[in-house]
Amino acid sequence: MERLFEIDLKDYKETDNIFRRPSARAIIIQGDKIALVYSKKEKYYKFPGGGIHDDEDTEKALIREVREEVGMVVIPESIREFGSVLRRQKSDRNENTIFEQENYYYLCDVENSLVDQELDDYENEAEFVLRIVNIDTAIESNDIYKSDIFFNEVMIKRDLRMLRLIKGKICPSD
């Protein structure tokens, strides 16, 4: 898969341990809108998706994560590679550790009906909901997003950059 860009804060020591957490993320275009996770508490948008478990491939993780986070059912035959983004920064959880995340983005289509979300504790706390919005709405919201949690800010700036890239390639303005 083509690497679209890297975010490397270089805020760690090269001798630190590396914790790798690859993820799969969905780009779901519906007409002139995009389906995203919205945090009602934090007021940001992110692409549906998350960590790939050891026992699953990237596409299975994508299907599972989209269903859990937003209740959408991905049509497996519709999954198409879009590109990846590498994120590297000092871990917010473990001393002397680099957090490294290859984010694999896929275009995909979904079924018309929704299922119940299955949110993790932190997702419930952030009040994740599905929002199908104009891409400019998401860009504007993420562009002004600030957090006391720097780790979250980096994640949202990554998705802001992806939203802008997608807007240029797929969803040009009218």
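Me: Does α3 pass α4 in a left-handed or a right-handed crossing?

Reply: In this predicted model, local features need pLDDT of at least 70 and side-chain atom pairs count only at pLDDT 80 or more, while totals for chains, interfaces and linings use all residues. Residues are numbered from 1 along each chain as its sequence is written, and side-chain values use heavy atoms, without hydrogens or water. A crossing is left-handed if the near helix is turned anticlockwise from the far one by less than a right angle, and right-handed if clockwise. The crossing of α3 and α4 is left-handed.

Me: How are α3 and α4 oriented to each other?

Reply: Helix α3 spans residues 135–143, and its axis lies 9 Å from that of α4 (lines fitted to C-alpha atoms over the stretch in contact). The two helices pack at about 150°, on a scale from 0 to 180 degrees between N-to-C directions. Angles over 145 degrees count as roughly antiparallel. Helices α3 and α4 are therefore roughly antiparallel.

Me: Which residues of α3 meet α4?

Reply: Contact means heavy atoms within 4.5 Å. On the α4 side, the partners include Ile-156, Leu-160 and Leu-163. From α3 come Ile-135, Asp-136, Ala-138, Ile-139, Asn-142 and Asp-143.

Me: How far apart in space are Val-129 and Leu-36, C-alpha to C-alpha?

Reply: Val-129 belongs to strand β11 (residues 128–133; a DSSP run of E, at least two residues). Not counting residues up to four places away in sequence, Val-129 touches Leu-36, Val-37, Tyr-38, Lys-40 and Gln-117. Val-129 and Leu-36 are 93 residues apart in sequence, whereas their C-alpha to C-alpha distance is 8.4 Å.

Definitions and conventions: Helices (H or I, at least four residues) and strands (E, at least two) are DSSP runs, numbered from the N terminus. Angles under 35 degrees count as roughly parallel, over 145 as roughly antiparallel, 65 to 115 as roughly perpendicular and the rest as oblique.
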